[in-house]
Each structure stands twice: as C-alpha cells, then as structure tokens.
Amino acid sequence: MEILKRTADALQQGEHQQVATLVAEALGAGIPAGDVLQQGLLAGMNVVGEQFRLREIFLPDVLMAAKAMYAGLDVLKPHLASEGVPSRGKIVIGTVKGDLHDIGKNLVGIMLKGAGFEVIDLGHDVAPEAFVDTAVREEATLIGMSALLTTTMPSMTGTIKALQEAGLRDQVKVMIGGAPVTDGFAKQIGADGYSPDASSAVRLAKSLVAA
Ligand code: B1M
C-alpha cells in the first residue's frame, strides 16, 4: 500500500513528524494497526538496520530513525492496546544490562498490556538483580528480558542465576527475545521460553502463566 511505503521511507529518513502524520492518515483510512506497524514502521526499521550493517548509514541516522519510530508508535499505541481487559498477571520487562535498544521491548510491553498483562517496565540497561528484586517486590510471576546485542545476551543468564540463588526459579517464569536471541539460546540458559516477535511474545506469556 502506497501510504505504508511512504511511512517506511519517512522513517528511514528520520522524518519523525511526517511519520506521525502518515501513521494517523493510514489509521484514518481504515488500515489495521498491525499492518501499519509491520508494513510501515517495522519495514522501514529493517531497511535502516541493513543499511547500518553495511555501513551505508551511521549512528546519528539510526538515532533519527529510532526517534521517528517512536513518533509513529505514539500514534499507534492506543490502537494496539485494548483497554479494560481483565488482568492475566504481572510481568517485569526490561532490556538487559549494557543494552540501550528498547524499541522492540517497548513494543512487546504495549502488546502485553493490550492482552491484559500488568507490565512493569524497568526500561533499558537493567541489571539481573533489578529484575529479580522487582519481581519479588511486585509479586510478579513472569520476567521478560530483551537483548539486541550479542555482547549483552549473557546478562540473561545472570538473571536466571540470580533467580536460582534467591530460591525463586520455580515461582517466576522467564521469557526472552530480541534479534540475536534464539530458541536454542533460551534452552541453553534455562529460560522458559523465547519468542521472535511481539505477537508471539503475547502467546508465549499467556501459555507460561497458564502452565
Ligand atoms: Co543498534 N545495533 N547499536 N542502535 N541497532 C543493532 C541491534 C545491530 C544489529 C545493527 C547492525 O549492525 N546491523 C547491531 C548489533 C550487532 C550484534 O550485536 N549482533 C547494533 C549495534 C552494533 C549498536 C551499537 C554497538 C553501535 C555503536 O555504538 N557502534 C550501539 C550499542 C548501544 C548499546 O546498546 N549499548 C547501538 C545503538 C543503537 C541506537 C541507540 C542508535 C538505536 C537504538 C535506539 C533505541 O532502541 N531506543 C539502535 C538501533 C535502532 C538499531 C537497529 C537498527 C534497530 C533495532 C530496532 O529497534 N528494531 C538494529 C538493527 C536490527 O535489529 N536490524 C541495531 C525494531 C524492533 C521493533 O525490533 O528490537 O528486534 P527488535 O524487537 C522485536 C523482536 O526482536 C522481538 O519483538 C520485537 C518486536 O517484533 N523482541 C522480543 C524484542 N525483545 C523481545 C523480548 C521478548 C520477546 C520478543 O520477550 C521478553
């Protein structure tokens, strides 16, 4: 669809105001929020990631694109999250220590809220102890960790160890995700589940609280 292509292009250019306008227009034209997210915002961000990998663009360009992504997400958020759904349980989420990438984690948080979870979002650069302390204090039954850097993935292991040391591993389920994370890695570190995207994260969280 032309408007979604324009949204993706504007995101690549870091045109945050234009992205917000185009997202609002697309929603106004009756395009489902999920399509605006996937074919507009995420499509644009995928190109940015590839260009950055190939060194065709640089960090300031990626930051501008991230700002544009957030401008679009702000408009989209109320359409992704539905209000008044009964609580399915509490989940503590965050991006792991040393990692500042929070767009995917925020998207997962929005979708979980929309599905009726109480989401306690610790933000980014979250230490293992902070995940565990918050889960204890808030009596949360789930911890969700995101990592976008191969170098920060080991911090997920740290959180699971900290849970074990606190004697809480049986009481709190752990789910993980993020671009470099795999199902194999989740199994290797003893997490309860991995999901590749925000919609499957919701399905996984539902299955973990039901188990
Ligand atoms: Co950076 N970065 N970045 N970056 N950045 C990547 C991740 C990279 C792959 C780019 C590349 O080289 N192609 C690369 C990592 C290489 C690696 O380790 N394998 C990289 C690098 C190297 C870096 C720096 C080291 C660059 C530098 O300084 N030289 C630096 C690190 C800073 C740090 O964290 N300490 C850095 C910085 C940044 C910015 C700050 C500029 C910015 C982040 C802004 C922000 O988040 N507020 C940024 C961005 C935007 C990216 C790319 C381009 C896009 C990430 C993104 O937001 N994607 C990224 C390239 C890429 O991923 N293709 C890249 C959109 C988002 C919706 O997807 O986060 O994957 P994603 O989330 C998905 C799923 O993964 C999943 O669901 C989400 C929605 O579908 N998911 C979960 C995520 N978390 C989940 C949790 C779950 C379940 C599912 O359960 C709890």
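Seven elements each supply at least two residues of the lining of the largest pocket: helix 3, helix 4, strand 1 (89-95), helix 5, strand 3, strand 4 and helix 9. The model is a predicted one. Helix 3 gives the most to this lining, with 11 residues. The largest pocket holds about 1400 Å³ of space. It is lined by 48 residues, and the closest to its centre are H101, I103, G104, L148 and A179. By class, the lining divides into 29 nonpolar, 13 polar and 6 charged residues.

The ligand sits in this largest pocket. Two or more residues of the shell around the ligand come from each of helix 3 (33-53), helix 4 (59-80), helix 5 (103-114), strand 3 (142-146), strand 4 (173-177) and helix 9 (198-210). The ligand is surrounded by 35 residues. The closest are G98, L100, H101, D102 and S146. The shell has 21 nonpolar residues, 10 polar residues and 4 charged residues.

H101 lies in the loop between strand 1 and helix 5. H101 is also among the residues closest to the centre of the largest pocket.

A polar backbone atom of A198 is 3.3 Å from an oxygen atom of the ligand. L100 and S146 are both listed among the residues closest to the ligand.

How values were computed. Residues are numbered from 1 along each chain as its sequence is written. This is a predicted model: local features need pLDDT of at least 70, side-chain atom pairs count only at pLDDT 80 or more; totals for chains, interfaces and linings use all residues. Side-chain values use heavy atoms; hydrogens and water are left out. A residue is near a molecule or strand if one of its heavy atoms lies within 4 Å of it. A polar contact is a pair of N or O atoms within 3.5 Å; within protein, one must be able to donate a hydrogen and the other to accept it, and residues adjacent in sequence count only if both atoms are side-chain atoms. On a 1 Å grid over the protein atoms alone, a cavity is a set of points where a 1.4 Å probe fits but cannot get out, and a pocket is an open set with protein on both sides within 12 Å along at least five of seven lines; lining residues have an atom within 4 Å of a point. A molecule sits in a cavity or pocket if more than half of its atoms lie within 2 Å of its grid points. Helices (H or I, at least four residues) and strands (E, at least two) are DSSP runs, numbered from the N terminus. Ala, Val, Leu, Ile, Met, Phe, Trp, Tyr, Cys and Pro count as nonpolar, Asp, Glu, Lys and Arg as charged, and the others, Gly among them, as polar. Grid points are joined across faces, edges and corners, and a volume is the space filled by probe spheres set on the points.
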